[in-house]
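Please keep the sequence and the structure in view while reading.

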Amino acid sequence: FVYRLSIQANENDIGNFFSKVGKIRDIRLIRDRFTNKSKGFGYVEFVDPASVQASLGLMGQMLLGHSIM
């Protein structure tokens, strides 16, 4: 689970950011069902479960001007 994302961030931006810590299986960005705009949170699924622990080290780093959690 990742939140505090910029509403301009798309799946490619998130994938590029998190690929530093491991191979990504899936990214699900949660969007408003009427406007299709990002709600600023989503899910990143890694191929290797050990990458989840490594991804926690990215907490607080900036992605498109927002410090992610």
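A salt bridge is taken here as a side-chain nitrogen of Lys or Arg within 4 Å of a carboxyl oxygen of Asp or Glu. In this model, which is predicted, a search of the whole structure finds three salt bridges.

**Salt bridges between separate elements**

- Glu11 and Arg31 meet through their side chains in a salt bridge, with an N to O distance of 3.2 Å; this pair links distant parts of the chain, since Glu11 belongs to helix H1 (residues 11-18) and Arg31 to strand E2 (residues 24-31), 20 residues apart.
- Glu11 is partly exposed, at a relative accessible area of 29%, and Arg31 is likewise partly exposed, with a value of 29%.
- Glu45 pairs with Arg25 in a salt bridge whose closest N and O atoms are 3.7 Å apart; because Glu45 sits in strand E3 (residues 38-46) and Arg25 in strand E2, the pair ties together parts that are 20 residues apart in sequence.
- Glu45 counts as partly exposed, at 37% relative accessibility.

**The Asp26 and Arg28 pair**

- Arg28 forms a salt bridge with Asp26, in which the closest N and O atoms are 3.9 Å apart, and Asp26 is partly exposed, with a relative accessible area of 31%.

**Surroundings of Ser51**

- Ser51 is found in helix H2 (residues 50-55), and its relative accessible area is 7%, so Ser51 is buried.
- Leaving aside residues up to four places away in sequence, Ser51 touches Val21, Gly22 and Phe46, and a polar atom of the Ser51 side chain lies 3.4 Å from the backbone oxygen of Val21.

Conventions
Residues numbered from 1 in each chain as written. Predicted model: local features only at pLDDT ≥ 70, side-chain atom pairs only at ≥ 80, totals over all residues. Heavy atoms only, no water. Helix = DSSP H or I, 4+ residues; strand = E, 2+ residues; numbered from the N terminus. Buried < 20%, exposed > 50% of the residue type's maximum accessible area, 1.4 Å probe, protein only. Polar contact = N/O pair within 3.5 Å; in protein donor to acceptor, adjacent residues only side chain to side chain. Contact = heavy atoms within 4.5 Å.
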